[in-house]
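Trainee: I would like to learn how to read the features of this model one by one, with the general idea first and the particular case after it. Could we start with the sheet?

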Amino acid sequence: APGLDALSAGFSTRGSLAGWIKSVEPLSTRPIPWIAIYAAAASVLVEILDAPNFIVDISGVTSGGKTLSARIACSIWGSPDDKGGGLLGSWSDTLANIERRAGFLYSLPIVIDESQKAGRSASEAEAKIREVAHSITSGQGKGRAALVGIQSSDRWRAVMISTGEERLTSFCGAGGVAARIISIEGQPFGEKSEENATAADAVEAGIMENYGHIGRLLLTLLIEGRDKCGNIGGGILAA
């Protein structure tokens, strides 16, 4: 499918595990990026533990480190880029394409940046965010018309990581879907300062040169018990 070959290519490695560990040292006093890392790692456990799909939503002011947190989450599995060949998706994508991405990844994390880009108007964005949140947490996309009959819908068992200026729960109401959204508000790298900006730049430079190693290490441990693990990642990393 268009775009999925590039997404598959994003599950690559660069640099070294030691290089990645060194890159994230500045996160020792910054818990929000670590929550994103843990969520990205936990995604492959959703089916194994028969847990419900859920969303980790990082919201706050512009230029506070939200996108970088999403990149860091991507970096445990592969390229943290948002361009072709990277794993970072965008809320500007269509609902159908987000569902195709989720179905293709199956148990690997769905990382989508900047919910404020979900629609051309506030009402359009709100409607799309509700649809995506419901779809992701339900684990099944919509059946769509095909040349003959209805095309089968995609399925997944995973965690979604989202960033944006406003909490996703503000669009989803109380209960239901909102109960499966973990909302984290704040600036992942702290208040604007030269020190925090330097730390953010160092982390970003480091993860762009060192990525894809932690996820493979995790899968190696899980595959050792693969009889109990089920379908991990839709076979993307089977090789």
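Mentor: Two strands pair if DSSP finds at least two bridges between them, and the elements themselves are DSSP runs numbered from the N terminus, with helices being H or I over at least four residues and strands being E over at least two. This is a predicted model, in which local features need pLDDT of at least 70 and side-chain atom pairs count only at pLDDT 80 or more, while totals for chains, interfaces and linings use all residues. Residues are numbered from 1 along each chain as its sequence is written, and side-chain values use heavy atoms, leaving out hydrogens and water.

Trainee: In what order do the 5 strands of the open sheet lie?

Mentor: Strands of a sheet pair through backbone hydrogen bonds, either parallel or antiparallel. Here the 5 strands follow the order β2-β3-β6-β1-β7 in an open sheet with parallel pairing, and the edges are β2 (89–90) and β7 (181–185), each of which pairs on one side only.

Trainee: How many bridges join β1 to β7, and which residue of β7 stands opposite isoleucine 55?

Mentor: The parallel strands β1 and β7 are joined by 5 bridges, and isoleucine 55 faces isoleucine 181 in β7. Strand β1 (residues 54–59) also runs parallel to β6, through 6 bridges, with phenylalanine 54 opposite valine 159. Strand β3 (residues 110–113) is parallel to β6 as well, joined to it by 3 bridges, and there valine 111 stands opposite isoleucine 161.

Trainee: Which strands does α4 lie across, and what do its buried residues pack against?

Mentor: Contact means heavy atoms within 4.5 Å, and axes are lines fitted to C-alpha atoms, for helices over the stretch in contact, with angles from 0 to 180 degrees between N-to-C directions. Helix α4 lies across β1, β3 and β6, running at about 155 degrees to β6, whereas α6 lies across β1, β3, β6 and β7, at about 140 degrees to β1. With 9 of the 10 residues of α4 (residues 66–75) buried, this helix is largely enclosed by the rest of the structure; among the buried ones are Lys66, Arg71 and Cys74. The buried residues of α4 pack against α2, α3, β1, β3, β6 and α8 (194–209).

Trainee: With which residue does arginine 71 form a salt bridge?

Mentor: Side chains of opposite charge can pair when their charged atoms come close. A salt bridge is counted when a side-chain nitrogen of Lys or Arg lies within 4 Å of a carboxyl oxygen of Asp or Glu, and the structure holds 10 of them. Arginine 71 pairs with glutamate 204, the closest N and O atoms being 3.4 Å apart. Since arginine 71 lies in α4 and glutamate 204 in α8, the pair ties together parts that are 133 residues apart in sequence. Arginine 71 counts as buried at 12% relative accessibility, while glutamate 204 is partly exposed at 29%.

Trainee: How far apart in helix α6 are arginine 130 and glutamate 126?

Mentor: Their salt bridge has its closest N and O atoms 3.1 Å apart, and, being 4 residues apart in helix α6 (residues 122–138), the two are separated by about one helical turn.

Trainee: What is the nearest side chain of opposite charge to arginine 30?

Mentor: With Lys and Arg counted as positive, Asp and Glu as negative, and His and the chain ends not counted, it is glutamate 195, 4.9 Å away, and arginine 30 is buried yet has no salt bridge. Arginine 30 is found in the loop between α2 (17–23) and α3 (31–42).

Trainee: Which side chain makes a polar contact with the side chain of arginine 30?

Mentor: A polar contact is a pair of N or O atoms within 3.5 Å; within protein, one must be able to donate a hydrogen and the other to accept it, and residues adjacent in sequence count only if both atoms are side-chain atoms. The partner is the side chain of asparagine 196, at 2.7 Å, and the backbone oxygen of proline 26 lies 2.6 Å from a polar atom of the arginine 30 side chain.

Terms used: Buried < 20%, exposed > 50% of the residue type's maximum accessible area, 1.4 Å probe, protein only.
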